[in-house]
Amino acid sequence: MERILPSGLRARLAGIVLAAAACAGLVLAAAAPARAEYGDVVINNHSDAAGVRPVVFPHWFHRVRFRCKVCHSDLGFKFQAGGNDINMVKIIDGQFCGACHNGAVAWSIENCDLCHSGKPGTPTQVHESTIQKLVGTPPPTASALPGAKR
Amino acid sequence: MRDLLAIVTCVAIVALPAAALDKGAGKATYEKTCALCHGPGLAGAPKYGNKAEWAPRLKAGTAKLYTSALKGTANGMPGKGGNLSLSDDEVKAAVDHLLASVGGASPPAAAAKAASAAPAAVVAAPAPKVASAAPVAVVAAPPPVAPPTAPRTAPAAPVATASADPNAFNRLLTAPGKRNPSPAEDGIHDPSNPGTHALQPPLTALAGMPPLNAGNRVNWVSSLEGGKIRPRWDRDDGAAAAVVMDLNIVREVKGSMPDVVYPHKQHTEWLDCSNCHPQIFIPQKGANQISMASIMLGQKCGVCHGKVAFPVSECRLCHSKKKEGTMPAAAVAGARK
């Protein structure tokens, strides 16, 4: 867009484009190059603020190994990206991810970068969800902007 | 007259049958299809009548612009502006109308006028025109093409080039080679993170599972039924078996769509009753209002379908029971129960 339009028009046009995208769900998709797996959840409740990469939770990987019920019933994960107040203390305590990621069932927490593997500043989202296609990807968080410290 | 006109423009521009259409048709097509984006300049589309925006594109030549309009561009313009019912000639006439607004090329009608007014010019016309950036303009002699007074800093080349991939304009489609990329290439994972490269690429896990044309591109339900995957029902006990309930719920729907058959069986293979009842669905016939709008906004079935279970694009996986009386008897008999 920068290439084609003078800067004066850009802000106004961006507004129009956003509105059109919200209706049609087409235009904004062009601005979302990410093509991760359907159902990949990015969780960035605390990561950016804590100076670590956001977590990418691959649904497909876990679905191959466990039925939905194990996490969403037995472990108490709500059906909402970012809706579970997970932190490292709880995980170490065996709650949420920590029920398996304890070195017994799956890798334990010292392998930080296997879970905290997202691009810095990626907002919490269910990648490729219908809502994301209709409404658009949430804007990047502050730390994704140029010049932000990691 | 029509033949004469065709000769003029065919000589001027390679393959321009658009000449057969009058100015009004081009204008109508423009207003119906093109103006949506080229009017306000949506999504980077060069605006109608804006010479500065069109100047770099005109340099590529009118024939190139026709190609862009017909085939679409890498910048996001869909082929024929997304209206595939248009004929090539109609599209070209609309391009002529659009270009006339920036003085780039005259509409064919103007060319016709010029030709009829001065038929002698036609004879002499061909030679100098071929290589011109906007050849027809020479025939009709409107004001000459405005030089790019405010040239863009970026190269103009990609603007007019048609995409090599004929489906590139359709951003809802993913080419087979671009599905299931490895974590380092998926746009979500950070490739500079060492751990990213240790993660399992999706294809190594999903290969061999029955395909589906959406979601993870695999049919999870068939995979489970066919034993391609054996996900645990219990975190610790690998032998625990799912508590399956086999009960189909038929939901009659409005309109001509087939009715929905909700199979408890396939759901209870994966989920516990308490995952859905009573929070999402009240376990009582007729107690749940469900619409496609709410599903697409992540409610009811949309809590999972459209996020992790197959998305709403797969209409017939849910809308699977043909309405009786709307189809020939043979088709009804063949429909799934």
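User: Which residue with a positive phi follows α3(B), and near what angle does its phi lie?

Analyst: The model is a predicted one. Helix α3 of chain B spans residues 51-59. The residue that follows α3(B) with a positive phi is B:G61, and its phi lies near 105°.

User: Which residues of helix α3 of chain B are buried?

Analyst: The criterion for a buried residue is 20 or more other C-beta atoms within 10 Å of its own. Within residues 51-59 of chain B, the residues classed as buried are B:E53, B:W54, B:A55, B:R57 and B:L58.

User: What is the strand order of the open sheet in chain B, and which strands are its edges?

Analyst: The open sheet has 3 strands with antiparallel pairing, in the order β1-β2-β3. From one strand to the next, the twist averages 55°. An edge strand pairs on one side only, which holds for β1 (248-251) and β3 (319-321) of chain B.

User: Over how many bridges do β1(B) and β2 of chain B pair, and what is the bridge partner of B:N248?

Analyst: Strand β2 of chain B covers residues 259-263. Its pairing with β1(B) is antiparallel and runs over 4 bridges. In β2(B), the bridge partner of B:N248 is B:P263.

User: How many residues of each chain take part in the contact, and what classes of residue does the side of chain A have?

Analyst: The contact takes 55 residues from chain A and 54 residues from chain B. Helices of chain A that each supply at least two residues to the side touching chain B include α1 (7-24), α3 (59-65) and α4 (68-74). By class, this side of chain A has 32 nonpolar, 11 polar and 12 charged residues.

User: How many helices and strands does chain A have, and what share of its contacts with a separation of 6 or more joins residues 24 or more positions apart?

Analyst: From the N terminus on, the elements of chain A run α-β-α-β-α-α-α-α-β-α. This comprises 7 helices and 3 strands. Of the 150 residues in chain A, 33% are buried. Among contacts with a separation of 6 or more, the share from residues 24 or more positions apart is 47%.

User: Where in chain B does pLDDT fall under 50, and what ipTM does the predictor give the complex?

Analyst: Chain B has a mean pLDDT of 75, with 68% of its residues at 70 or more. Residues 1-20 of chain B stay under 50, and residues 106-161 of chain B are also below 50. For the complex, the predictor gives a pTM of 0.59 and an ipTM of 0.76.

Note on methods. Residues numbered from 1 in each chain as written. Chains lettered and ligands numbered in written order. Predicted model: local features only at pLDDT ≥ 70, side-chain atom pairs only at ≥ 80, totals over all residues. Pairing = 2+ DSSP bridges. Axes fitted to C-alpha atoms, helices over the stretch in contact; angles between N-to-C directions. Contact = placed C-beta atoms within 7 Å. Nonpolar A, V, L, I, M, F, W, Y, C, P; charged D, E, K, R; others polar. pLDDT = per-residue confidence, 0-100. Buried ≥ 20, exposed ≤ 12 C-beta atoms within 10 Å, placed from the backbone.
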